[in-house]
Amino acid sequence: MTREMPHKTAMFILCALMLWVRPLRAGVQASTVLNYNEFIDTGDSWWNDREFFNLDDPERVWQYLTREVTVLDSGAQTPVYLLDKPGGERVKKGQYEGFLYGSSVSVHVLEISGDWVYIEGYDMTDDLIQGWVRASLLKKVTPSALYGIVVDKQSQRLYLYSNGQLVTTLKVSTGLPTKAKPHQETAAGEYLIVSWTGGFWADNLWCELALRFNGGDLLHLVPSLVAVDGTKDYSTTEPYLGQRASHGCIRTQRVKTSEGINMQWLWDNLKMNTKLIVWDDDGRPMHYPDPDTVLYYNPDGGRYYHADERCPSVRDTFLPLKGIMRYEQLRDSTFSRLVACATCNPPLPPQRVDALNEAQGYTREQVEMMQGLRGNSAIDADSGVTASAYTTPSEPMIVSDEISGEIVFE
Ligand SMILES: [Zn+2]
């Protein structure tokens, strides 16, 4: 009897389980007969709506930031490969291309064929790719209604919105692609912040407060070099906020804005599924770098201006570079003869940006108005350094070539 009871109990539980599981399975099967038409998008590019380009219309931006998105329900770090036909081959086969990270990467659904859907989205190489995936992966997500973020690759700024208003503007550094590593460009697109990942090492740089939005691309604090006593040194990264510098991540400002907001604040206050739009810069007028962007040169006859105080192209005897200037000073006759270094990739000279914009039909004034550099103080509210902090050295004598000839990819 004592031996039989557990057996009978087990049988009873097993029968109960079978009765319970059957209707559940039937329910699961029924739910897969979804109407995938509800996922269909127009197929327009994310950036076709000209109104969205106007950051001075925060209510319009807010509509985008709170709009429902379609993602692939595969986990935030699981790549979903797009195929050339249902059950076919990968559309692109490189290491960093042809796939989208599910859960956090927004896709557009263009066509439906049985259990397969034809979608488009930006892959890690910043390429808008199209291909087939299984329809059962589709999932709609309503973003957090508290905050939303636009990262503009052109102005290298993060714009934080809430409730239809611009809250603050932070300086960032998105990815700096090189010939050897074009995948370092931060992909454009529409993303969700899905994980509070924390700190990690990238070579010798300590990156912390990292929020995951696109696989290995994270929004995090501007990285530091950490001394043996734990002291953090931001001098090799912080001056470059406002220009491309990272390997794909979005490095974000440490100094608090006048609104009291920095990366730590974002880490503390953003919610799961906050939308982050990385605004593409293709086909747009070229924005001017922050006038206060720090640049370096060799006052002893250097011909180039550099983004890196310790630019590897410069002979060691001249390092660290002693000439310090602001980007705006490149308009002065004293500095306008300096040429952009081809190794450390400082921003293009303002005269060159003027010419590129004029070729597209934009005047300098128009573009600076669009950027908010004129008639709008929001852009400069985050600057933690004043112009007087920089030296104004004497006119550089263009006499020698400091370049060692070595091209280094970071
Ligand atoms: Zn350089």
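Predicted model: local features only at pLDDT ≥ 70, side-chain atom pairs only at ≥ 80, totals over all residues.
Residues are numbered from 1 along each chain as its sequence is written, and side-chain values use heavy atoms, with hydrogens and water left out.

The structure holds 0 disulfides, where a disulfide is a pair of cysteine sulfur atoms within 2.5 Å.

**The whole protein.** Zoom out and colour by secondary structure: there are 5 helices and 22 strands in the protein, where helices (H or I, at least four residues) and strands (E, at least two) are DSSP runs numbered from the N terminus. Of the 410 residues, 46% are buried. Among contacts (heavy atoms within 4.5 Å) between residues at least 6 apart in sequence, 68% join residues at least 24 apart.

**Strand 18.** Next select residues 274–279, which form strand 18, and find that 6 of its 6 residues are buried. In a regular strand the side chains alternate between the two faces of the sheet. Both faces of strand 18 are covered, with Thr274, Leu276 and Val278 buried on one side and Lys275, Ile277 and Trp279 buried on the other. Which strands pair with strand 18? Strand 8 (residues 148–152) pairs with strand 18 in the parallel sense over 5 bridges, and valine 151 stands opposite valine 278. Strand 11 (residues 189–193) runs antiparallel to strand 18 and is joined to it by 5 bridges, with leucine 192 having lysine 275 as its bridge partner. Two strands are said to pair if DSSP finds at least two bridges between them.

Move on to the 4 strands that form an open sheet in the order 21-19-20-22, with mixed pairing. Strand 21 (323–326) and strand 22 (339–340) stand at the edges, each with a single partner strand, so one side of each has no neighbour in the sheet. Strand 19 (residues 294–297) pairs with strand 21 in the antiparallel sense over 4 bridges, and valine 294 in this pairing stands opposite arginine 326 of strand 21.

**Helix 4.** Now select residues 350–359, which make up helix 4, and highlight its buried residues, Pro350, Val353, Asp354 and Asn357. Seen down the axis of helix 4, these residues fall within an arc of 105° (taken from the directions from the helix axis to the C-beta atoms), so they line one face of the helix. What covers them includes helix 5 (364–371), and glycine 361, which follows helix 4, has a positive phi near 90°.

**A last stop in a loop.** Finally, select threonine 257 in the loop between strand 17 (250–252) and helix 3 (263–269), where this residue is buried, with a relative accessible area of 5%. Threonine 257 and threonine 169 are 88 residues apart in sequence, yet 7.7 Å apart in space, C-alpha to C-alpha.

Methods. Buried < 20%, exposed > 50% of the residue type's maximum accessible area, 1.4 Å probe, protein only.
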